[in-house]
Amino acid sequence: MMGEAVQARNPSDVHAPVAADTHQIEVAAGSRWLVPSGQIGMRVDGTQPADAIGQIEVALDNLRGNLAAAGMEVGGVVKLIGYLVGDVDAARRRDALAAFFGSHRPCMTLLHVAAPATTAVRVEIDAWAAREAPTDGPVAVSGGASGWR
């Protein structure tokens, strides 16, 4: 959902993207930004899938919920950083991201880390989103819980 306020580019003097992402996205001044906390694979009832792919899917659903609460959509994600603990099936990870993003290609970074904040967490997704500022006034968004406890 990138319009004039958000421009994606793959410069011709840089190698082609090696994943389903974009090398750079420029956000115009005056755009709305959403910077949610890192999302983990925990459902509303506090349960978590045991496997990393299930946690990725739930974390992405949580990201979608944060976007919706701010009046944004998945197409507004400009940067996604994934933190993974342990081995994660790369093909299934790509499938989960493709199901979430469709044809949208944000900038992405993927890191394998030694340990999470809590032992049951195998995945954390960090994202930034942007969109054109509304012309009919500000949008109020309620806060959430922080992972820094």
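A residue is buried when its relative accessible area is under 20%, exposed when it is over 50%, and partly exposed in between. The exercises below use this scale on a predicted model.

**Exercise 1. Classify Arg9 and Glu26 as buried, partly exposed or exposed, and state how their side chains interact.**

Step 1. Arg9 has a relative accessible area of 33%. Because this value lies between 20% and 50%, Arg9 is partly exposed.

Step 2. For Glu26 the relative accessible area is 43%, so Glu26 is partly exposed as well.

Step 3. A salt bridge needs a side-chain nitrogen of Lys or Arg within 4 Å of a carboxyl oxygen of Asp or Glu. The closest N and O atoms of Arg9 and Glu26 are 2.4 Å apart, and the two residues form a salt bridge.

Step 4. This bridge links distant parts of the chain: Arg9 belongs to strand S1 (residues 6-9) and Glu26 to strand S2 (residues 24-27), 17 residues apart.

**Exercise 2. Find how many salt bridges the structure holds, and describe the one that involves Asp51.**

Step 1. There are two salt bridges in the structure.

Step 2. Asp51 pairs with Arg92, at 3.8 Å from N to O.

Step 3. Asp51 sits in the loop between strand S4 (39-40) and helix H1 (52-69), while Arg92 is in helix H2 (residues 90-101); the partners are 41 residues apart.

**Exercise 3. Describe the setting of Arg93: which element holds Arg93, is the residue buried or exposed, and which residues does Arg93 touch?**

Step 1. Arg93 is located in helix H2.

Step 2. Arg93 is buried and has no salt bridge.

Step 3. Leaving aside residues up to four places away in sequence, Arg93 touches Ile53, Ile56, Leu84, Val88 and Leu110.

**Exercise 4. Describe the second largest pocket by volume and lining.**

Step 1. The volume of the second largest pocket is about 360 Å³.

Step 2. Its lining has 19 residues, and those closest to the centre are Ala19, Arg93, Arg94, Leu97 and Met108.

Step 3. Strand S5 (77-85), H2 and strand S6 (107-113) each give two or more residues to this lining. H2 gives the most, with five.

Step 4. Sorted by class, the lining contains 11 nonpolar, four polar and four charged residues.

Definitions and conventions: Residues are numbered from 1 along each chain as its sequence is written. This is a predicted model: local features need pLDDT of at least 70, side-chain atom pairs count only at pLDDT 80 or more; totals for chains, interfaces and linings use all residues. Side-chain values use heavy atoms; hydrogens and water are left out. Helices (H or I, at least four residues) and strands (E, at least two) are DSSP runs, numbered from the N terminus. Buried means under 20% relative accessible area, exposed over 50%, partly exposed in between (1.4 Å probe, protein chains only). On a 1 Å grid over the protein atoms alone, a cavity is a set of points where a 1.4 Å probe fits but cannot get out, and a pocket is an open set with protein on both sides within 12 Å along at least five of seven lines; lining residues have an atom within 4 Å of a point. Grid points are joined across faces, edges and corners, and a volume is the space filled by probe spheres set on the points. Ala, Val, Leu, Ile, Met, Phe, Trp, Tyr, Cys and Pro count as nonpolar, Asp, Glu, Lys and Arg as charged, and the others, Gly among them, as polar. Lys and Arg count as positive and Asp and Glu as negative; His and the chain ends are not counted. Contact means heavy atoms within 4.5 Å.
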